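Student: I've got this one open and I'd like to talk it through. Can you take my questions as they come?

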Amino acid sequence: MNRVLSNKKALALFTLPAILLFTVFAVVPIIWSLFYSFFSGMPGVNFEFCGLENFINLFTDSELHASLMLNVKYVAVVVIGQVFIGFALAMLINYAVKRGKNFVRVCMFIPVVLPSVAVGQLFQKIYAIAPQYGLLNALLDIVGLKFLITAWIGDVSTAVGALCAMDIWKGVGLYCLIFYSAIIDLPGDVVESAKIDGASSFRIIRSIQMPLLKPIFRMAFIFSITGCIKVYDSAVSLTKGGPGTTTYMPTMYMFDEAFTYGNFGYGSAIALIILVECVLLTSIVGMIFKERG
Amino acid sequence: MTAKKGKGKIISKIIIGIALVLSIYPVIWLILSSFKTTQEFSLLPSYSLPQGLYLDNYISAWTSGNMGVYFKNSIICTLGSLILIVVVALPASFALTKMKWKGKNFFNKYFMMGLMIPIQVALIPIFQIYKNLNLLNSHIGLILVYTVFGLSMTILMFTGFFESFPNEMLEAAVIDGCSIYGCLTKMVVPLMGNSIVTVLTLQFLTSWNDLLFSQTLISETAKKTVQTGLVMFSGAHGQVDWGPMFASMAIGVLPTLGLYLFLSKFMIQGMTAGAVKG
Amino acid sequence: MKWKKAVSLALAGTMMASLAGCGSTGGGASDQAADSGTQKRTIKVMTIWNEDVQGGTQTLKALSDEYCAEHPEITVEIEVVAQTDMPSRLSVLAASGELPDLFIATDTAQSGTFYEQGLIYSVDDFLEENGIQDIISESTRQGLINLQAAEGDELYTLLTEQNIEGFWYNKQMFEENGWEVPETMDEFMAICEDAVSKGIQPLAVDGMDKFYFTRLWGGYVTSKLGVDALINANAGEQSFSDPTFLEAYQWVQDLNTNGYMGEGVTTIDSSTMNSMFLTGGAAMEYNGSWVTSNLNNEEENQLGENVGFFGFPSVDDAVADQNDYCQNYGTAWVIGSNNYDDALNDWLVYVFSGYGDKSMETQGMLSGFEMKEEHEMPYYTQMVVDLIAEAGEAAVWPEYKMETEAMQTSLDNSQLLILGEMTPEDYGASLDAFYE
């Protein structure tokens, strides 16, 4: 058994291509750009070694701190929304839908398919208030909830919520599909025998399927967390960070510093902060979902 | 007992129904709106149906040619990266979950790095590497970068799915004299059909919808992909009316949607095949 | 153990290969040209307007096609990049010495840096070497230099437009409601108040792009203190918390809190603003004369020739005249110096010598380049030409020389200011912070 599973030749054949490709085209550029964080200015234009200056600035930069705080809130809301709603829907589809499962699944996935820039533009129109009401305000208007009509993405109090709602909408289908595929890939006989033993659906979910799905949960959380920390496209296309800096995410700040303000090194330093944030949060997830024994 | 169960099912169905409406209605609204005239936009509420098929929006949005070429390029790059990523990521993920070796833990984390760094920051080094390897303006270049930056996600998902693959089944097969290659190709791949298709769908989407890399690494018009082509015709100045605006959004969305719906037919076939074997 | 070794070897290998390659930058295009006998040359152009919309690309392409028809050895590649992506694209290219031969510089600070590092070819040199200084008038040249980010009085940007800014109003609506064109701020505010009471939206404003808010307070400051006020403030010689500045911020905030800008102003983009105004949905809009392309377009403009223009109404004790308009020259063309050679030079001479006329001929647009022929101009273009002829001193906008980060702060915070989320005092302080 062990001999087969630790076959050196097979191991090399299986892993080397991935490791090589990944190292050359992903890891090297990443390390290379992090190395840039010891410089000021733009590479190839006015690049100068500046030691730890960029890192020291990280600690006193209130704009960065504000956008990190914003991001934490955003991550909390969107991750929980995406993963749990996705899981719940997958379970419901698996149990309640007999015919048309595939239809439901395909439809749920449609928002995931769309380019995020197009989704941003679409939601701008959904949230619009002027020159004419967008979809949301128009619907609020006919159901008599006029007092709720507002400039959803133009108002400081609602802009972050509007962004979260859009990203949950766009992401849920993916998690639904991930959980759904995993559920039907689960060995059927375990569930069958539990059913024969008279276990209720809820019990089957809780004590048989949930534990088996643990790695999927871990994966879903890691995937959603890293995606949310790095949110860029959707925020740029929906609100451009506005109103003011209400929805200004760390990646947008990184991008502006690196490319617009001409401080590539400082941008790289912010990228490092984002990396650290991802590592921290994903290790917490890893610890929570650590397999017992 | 059965009555209670029936009630639960009905409630579940209602919830799914609501979720369905929520997820597709905005897209349907987008497509319907793209057929509206300017007058309809200003006179009627935005949820109303279009009065007729007003195709001028599409004509005014679809002004630049070359879309055929862009589609061809997108298809080549996307399919190329799909094939490459399966060949590369599937065995690697198998080794990272089911095989026994020292570097397993390290490399699991190593591959995750791609998920955690905002890729925008790596653009300058990637551009320089590509310039030196003569990969700028080439399909291979895009295929490589799509594969590599999809690798983290793909491996994470594959390993997630493989972990829930029961070890006992694998052990039984090995005891029956199955080789490591056989385990992978004859057991894991067929049984994990759904999960594999899911991962591939995602990879397909990220490659197809990519704008950042294609815009940075491709400057020749003949090598551009659909998403960059769309930027070229929606232009720096926004459209004046909602109609053409919606039409250009629809042009951005519909091909992706169509392709997805087309591919999902195969996905479903793959799934039912998997279920039968399971 | 073996793994780590292999990986680190591979890593080191690629690092070295790529670093070594890094040294030899900027070969590319010119090498190929030298190799082939026919002196083939590909000229790379990067722009933000696609060919189908109005803008510099149309003019450039028309002239370039004419040139290429007679010079088959020249190929011109025009790449369109979204305006927001332009600075990052240029950064990436500059880092590898691959800047295009001619490109649109959307970020003045960035092109200033490029110029200081010798990546941009001097326009003065280009004009002088070819003896074509007459394509840009001296006053335009001076105006352009004033707006450049880099120190010194050498021109390195080429204009695409010539614009004045002010209020455009619906003549018919003004007549029907008995409003006179306002000359003072009090008259202006009275019109706004009257309009709101009659259920008319006084002002259409693009609040999504933020800069319209700051143009408004900038106009107020200029009117009251004169055209030097913003120039001094940008040079750090005048506080952004000066009482008049605070008054101006308060005024813009009031425009919104009084409802003069309509609902959800921060979600309105420029095309929505224009279509609101041009379909009679608002009495006025503040805009630059670049809006003439929309005004001249019969499909968009349902008001016909019923649109008038007035300069910023005079605030109490005004120093500036109402015709001291804020002026600008559009986003600039910039010449890359990496691959500057005779072939490029000849092409540039052809293109820019004909630019003024071609722009007017094909699009009815004022490019700011001198024109050699008389042209029949569309109604609104003629109107702008007449206004420019009688314009007073040229005023600047609040961020015209700010470093990019300060500019971004001014713009971002302007949204918070008009939403009442930020006080005028805090707004002024946020700008002063960059001049400490």
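Student: Strand β9 of chain C, residues 332–335: which residues sit on each of its faces, and are they buried or exposed?

Tutor: Keep in mind that this is a predicted model. One side of β9 in chain C carries C:Ala332 and C:Val334, while the other carries C:Trp333 and C:Ile335. Both faces are covered, and all four of these residues are buried.

Student: How many bridges join β3 of chain C to β9(C), and which residue stands opposite C:Trp333?

Tutor: Strand β3 of chain C covers residues 102–105 and runs antiparallel to β9(C). The bridges joining the two strands number four. Opposite C:Trp333 you'll find C:Ile104.

Student: What share of the contacts in chain A with a separation of 6 or more comes from residues 24 or more positions apart?

Tutor: Some background on chain A: it has 14 helices and two strands, and 56% of its 293 residues count as buried. Its C-alpha trace spans about 70 × 70 × 30 Å along the principal axes. Among contacts with a separation of 6 or more, the share from residues 24 or more positions apart is 68%.

Technical notes: Residues are numbered from 1 along each chain as its sequence is written. Chains are lettered from A and ligands numbered from 1 in the order in which they are written. This is a predicted model: local features need pLDDT of at least 70, side-chain atom pairs count only at pLDDT 80 or more; totals for chains, interfaces and linings use all residues. A residue is buried if 20 or more other C-beta atoms lie within 10 Å of its own, exposed if 12 or fewer, and partly exposed in between; C-beta atoms are placed from the backbone. Two strands pair if DSSP finds at least two bridges between them. Two residues are in contact if their C-beta atoms, placed from the backbone, lie within 7 Å.
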